[in-house]
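I opened a new structure today and kept notes as I went. Here is what I looked up, in the order I looked.

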Amino acid sequence: LLLAGLAAGGVSTLSSYRGACAVFLIPALLPFAVHMALIMDAVHLAMAIMVVLYATLMLGVSGRIHATIMDALRLRFRNLGLVDTLSSTKEHLEEANVALQREISERRKAQEILMESEQKLRLHAQQAPLAFIEWDLSFKVVEWNPAAERIFGYSRQEALGRHAASLIAAERTCETVSTLWKQLLSDKRGAHITVENRTKGSRSIVCEWYYTPLVDPQGKVLSVITLAQ
């Protein structure tokens, strides 16, 4: 009974180390089993067989306990790895969120500055004594200020969206203006020209024009601003 208790205690204590339980059980139980078998009577032989079976059972139990402990440890380390991964991911997400918030704030400020600049530009355009006309890349009117209305006779509503050739360009100067327009879009630099134009009442007038392409940071022409007098 003492040896059986020691074997059970050894199984519970040593199973976490592979082979340690066998190193403890075999020297503890095998000599007793051999001694019982050597007495050579039925009772002692039965006891020897039971000790051997008990040792075998304890070794099997030890193997199962060891496997369970190792699985639990592997699962724990895997969970710790997941926790570390989640913590790292959370930190990265927090950093990305801060960077995103900063970028959104900067973009909002840039948009506010851009809107303020556009409002100032439109205010200057409305109050300018010169004709302020903005053209898209197809040479159609995007903006038309009161001075342009006064000089050419077309209201803003009448001028918006119309091509220069059908609006104010004189027939004899269309080719010259078309060449200048292509050069503006190609060179992306300002130009100055004096040409004959026509008003809403088909009256011929000579105007002095200043062209300035609006170019974005990537070098793409967005539109062309012109001043005429």
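**Entry 1: the nonpolar patch**

Helices here are DSSP runs of H or I with at least four residues, strands are runs of E with at least two, and both are numbered from the N terminus. The patch covers about 440 Å² and is made by Ile26, Leu30, Val34, Leu38 and Leu59. A patch takes residues with over 30% relative accessible area and no salt bridge, joining nonpolar side chains (Val, Leu, Ile, Met, Phe, Trp, Tyr) within 5 Å and like charges within 9 Å. The areas come from the Shrake-Rupley method with a 1.4 Å probe, and for residues only the protein chains shown count as cover.

I noted that this is a predicted model, in which local features need pLDDT of at least 70 and side-chain atom pairs count only at pLDDT 80 or more, while totals for chains, interfaces and linings use all residues. Residues are numbered from 1 along each chain as its sequence is written, and side-chain values use heavy atoms, with hydrogens and water left out.

I picked out Leu30, which sits in helix H2. Leu30 is partly exposed, at a relative accessible area of 44%; buried means under 20%, exposed over 50%, and partly exposed in between (1.4 Å probe, protein chains only).

Next I went to Met47 in helix H3 (residues 42–127). Met47 is partly exposed, with 31% relative accessibility. Setting aside residues up to four places away in sequence, Met47 touches Phe32 and Met36, where contact means heavy atoms within 4.5 Å. From C-alpha to C-alpha, Met47 and Phe32 are 9.4 Å apart, and 15 residues separate them in sequence.

Beyond its neighbours within four places in sequence, Ser62 is in contact with Val11, Ser15 and Cys21.

Helix H6 (residues 174–187) has 14 residues and reaches 20 Å from first C-alpha to last, close to the 20 Å expected at 1.5 Å a residue; the expected span is 1.5 Å times one less than the number of residues. Which residues of H6 are buried? They are Val177, Leu180, Trp181 and Leu184. They lie on the same side of H6 because they cover an arc of only 105 degrees around the axis, taken from the directions from the helix axis to the C-beta atoms. I reminded myself that an α-helix has 3.6 residues a turn, so residues three or four places apart point the same way.

The cover over these buried residues includes strands S1 (131–135), S3 (191–198), S4 (204–215) and S5 (221–228). On the face turned away from the buried side I found the exposed residues Glu175, Lys182 and Ser186. Just after H6, Lys188 takes a positive phi of about 60 degrees.

**Entry 2: salt bridges**

I counted a salt bridge as a side-chain nitrogen of Lys or Arg within 4 Å of a carboxyl oxygen of Asp or Glu. How many salt bridges does that rule give? The count comes to six.

One of them joins Arg156 and Glu143 (3.0 Å, N to O). This pair links distant parts of the chain, 13 residues apart: Arg156 is in helix H5 (residues 156–159) and Glu143 in strand S2 (residues 141–144). Arg156 is partly exposed at 28%, whereas Glu143 is buried at 6%.
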